[in-house]
Amino acid sequence: MTDVFNTLLNTKELEIFVTAIQMTDLDRVLKSAGDYTIFAPNNRAFTSLPKLILQNISQDLPLLTKILRAHIVDGKLRHSDIISAYDLGTRKIAKTSINGSRLDIDLNDGIKIGKARILSVDIVADNGIIYPIDRVVM
């Protein structure tokens with residue numbers, strides 16, 4: 001296996017997310033020994049943003065870094081962990097991203113992070129798990 005960053009790098013549908021990660025030097029974090037869960041917006045999630053917002057984000061590296069860090073959680077959160085919470089009767093799980101934002105994982109209609117839908121589960125790397133999502137979490 002390989003680290004989370006290199007796994008992202010080899011996932012064509014996440015090219016824009018990878019480019020943004022590289023622009024903000026977060027690739028160093030994702031290559032480190034820690035365990036991470038990454039909710040990675042796919043290319044369509046970025047291209048569906050209004051052009052002005054996308055332009056502002058890409059020109060403001062501190063803002064871009066903050067937004068990207070909102071998609072990363074310390075620790076591995078497997079699909080089975082999410083489903084276990086559902087089996088226990090809890091339909092929502094709260095996690096904190098590495099920028100301190102609260103991420104609510106909702107199990108009522110598929111699996112969602114806020115309004116973003118998880119598109120596939122448990123893309124596993126040595127130091128984490130990746131979930132492609134269909135929206136950028138702001």
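Biologist: What covers the buried residues of α6?

Modeller: This is a predicted model, where local features need pLDDT of at least 70, side-chain atom pairs count only at pLDDT 80 or more, and totals for chains, interfaces and linings use all residues. Residues are numbered from 1 along each chain as its sequence is written, and side-chain values use heavy atoms, with hydrogens and water left out. Helices (H or I, at least four residues) and strands (E, at least two) are DSSP runs numbered from the N terminus, and contact means heavy atoms within 4.5 Å. The cover of the buried residues of α6 includes α2 (15-23), α5 (51-59) and β2 (72-74).

Biologist: Which residues of helix α6 are buried?

Modeller: Buried means under 20% relative accessible area, exposed over 50%, and partly exposed in between (1.4 Å probe, protein chains only). In α6, residues 61-69, the buried ones are Leu64, Ile67 and Leu68.

Biologist: In what order do the four strands of the open sheet come?

Modeller: Two strands pair if DSSP finds at least two bridges between them. Here the pairing is antiparallel. β3 (92-96) and β6 (116-117) each have a single partner strand, so one side of each is left without a neighbour in the sheet. The order is β3-β4-β5-β6.

Biologist: Which residue in β4 is the bridge partner of threonine 96?

Modeller: β3 and β4 (residues 102-106) pair in the antiparallel sense over five bridges. Lysine 95 stands opposite leucine 103 in β4. For threonine 96, the bridge partner is arginine 102.

Biologist: Which glycine is in the turn between β4 and β5?

Modeller: Two bridges join β4 to β5 (residues 112-113), and these strands run antiparallel. They form a hairpin with five residues between them. The residue in the turn, with a positive phi of about 75°, is glycine 110.

Biologist: Is the pair of phenylalanine 39 and tyrosine 131 stacked or edge-to-face?

Modeller: The structure holds one aromatic pair; rings of Phe, Tyr and Trp (its six-membered ring) pair if their centres lie within 6.5 Å, with planes under 30 degrees apart counted as stacked, over 60 as edge-to-face and the rest as tilted. The ring centres of phenylalanine 39 and tyrosine 131 are 5.5 Å apart and their planes stand at 15°, so the pair is stacked.
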